[in-house]
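Here is a short briefing on two side-chain topics. Look over the sequence and the fold, then read on.

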Amino acid sequence: MGGFFKSSIGRKIAMALSAFFLMFFLIIHLAVNITSLFSEDVFNELSHFMGTNPLVQFALQPVLIFGVVFHFLMGFVLELKNKKAKGVAYAKNNGAANSTWMSRNMIYSGLAILAFIVLHFIDFWFPEINTKYIQGDMTGMHDGSFRYFHELQHKFLNPARVGAYVVAFILLALHLLHGFTSAFQSVGVTAGRKKALQTFGKVYSIVIPLGFIIIALFHHFNH
């Protein structure tokens with residue numbers, strides 16, 4: 001296993017697999033959150049299930065946190081290895097001639113997204129952990145009704161926070177536009193399917209972040 005991570009191919013495959021896992025999680029996360037646009041009750045029920053189900057809390061949640069940390073650490077390692085391998089030629093190389101701006105700056109969009117994840121944890125995950133495991137309140141209730149929908153709306157009252165969310169998801173879209181195809185290339189799936197994957201990747205990279213942006217804007221203007 002150590003030899004796998006020491007090789008360039010091994011690190012790229014590991015990076016791709018963690019990307020697939022996180023992209024799948026984004027679909028699930030969006031599917032739950034988007035119900036808040038149509039039904040307060042459905043959103044509350046789904047949020048309560050996700051927040052109290054032992055399998056989600058004690059198996060899937062730790063795996064998700066590990067996946068996020070692993071993906072970003074592996075990204076930094078790959079960036080450092082690439083710069084070290086290119087040496088002086090890296091500074092002289094005209095990257096714009098054979099690569100997109102996003103492909104050359106994935107590390108920066110990744111750092112911005114990481115900063116957003118920290119903000120998201122401060123907004124939602126830390127208060128949830130405090131309520132459930134420090135205060136010991138697993139009911140999900142407040143004043144006789146589920147608290148999830150109202151907490152979601154409250155977080156999007158501040159226009160500065162909403163603006164930060166919108167910018168973060170635009171950067172996520174740009175990050176995904178390059179990362180989606182790159183992940184499939186790393187595991188060798190693109191042979192004969194490159195065009196179809198690129199099309200699907202563009203759709204995914206736009207629709208998923210756009211969905212989250214719509215949720216933030218909807219609750220900001222309709223609280």
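The notes below cover salt bridges and a nonpolar surface patch.

This is a predicted model. A search of the whole structure finds four salt bridges. Glu128, Lys132, Arg147 and Glu151 are linked in a network of such bridges.

**The salt-bridge network**

- Side chains of opposite charge can pair when their charged atoms come close.
- Glu128 pairs with Lys132 through a salt bridge, at 3.9 Å from N to O.
- Both partners sit in helix α6, which spans residues 106–134. They are four residues apart, so about one helical turn separates Glu128 from Lys132.
- Glu128 also meets Arg147 in a salt bridge, with an N to O distance of 2.9 Å.
- This second pair links distant parts of the chain, 19 residues apart. Glu128 is in helix α6, while Arg147 is in the loop between β2 (145–146) and α7 (148–155).

**Burial within the network**

- Which side of the cut-off do Glu128 and Lys132 fall on, buried or exposed? Both are buried.
- Glu128 has a relative accessibility of 14%, so it counts as buried. The cut-off for buried is under 20%.
- Arg147 counts as buried too, because its relative accessibility is 7%.
- Glu151 is partly exposed, because its relative accessibility is 34%. Partly exposed covers the range between the buried cut-off and the exposed one, which is over 50%.

**The nonpolar surface patch**

- Which helices each supply at least two of its residues? They are α8 (159–186) and α9 (194–221).
- Helix α9 gives the most to the patch, with four residues.
- Why does Leu210 count as partly exposed? Its relative accessible area is 42%, which falls between the limits of 20% and 50%.

**To check in the viewer**

- Start at Glu128, which has salt bridges to Lys132 and to Arg147.
- For the patch, display helices α8 and α9 together.

Methods: Residues numbered from 1 in each chain as written. Predicted model: local features only at pLDDT ≥ 70, side-chain atom pairs only at ≥ 80, totals over all residues. Heavy atoms only, no water. Buried < 20%, exposed > 50% of the residue type's maximum accessible area, 1.4 Å probe, protein only. Salt bridge = Lys/Arg side-chain N within 4 Å of Asp/Glu carboxyl O.
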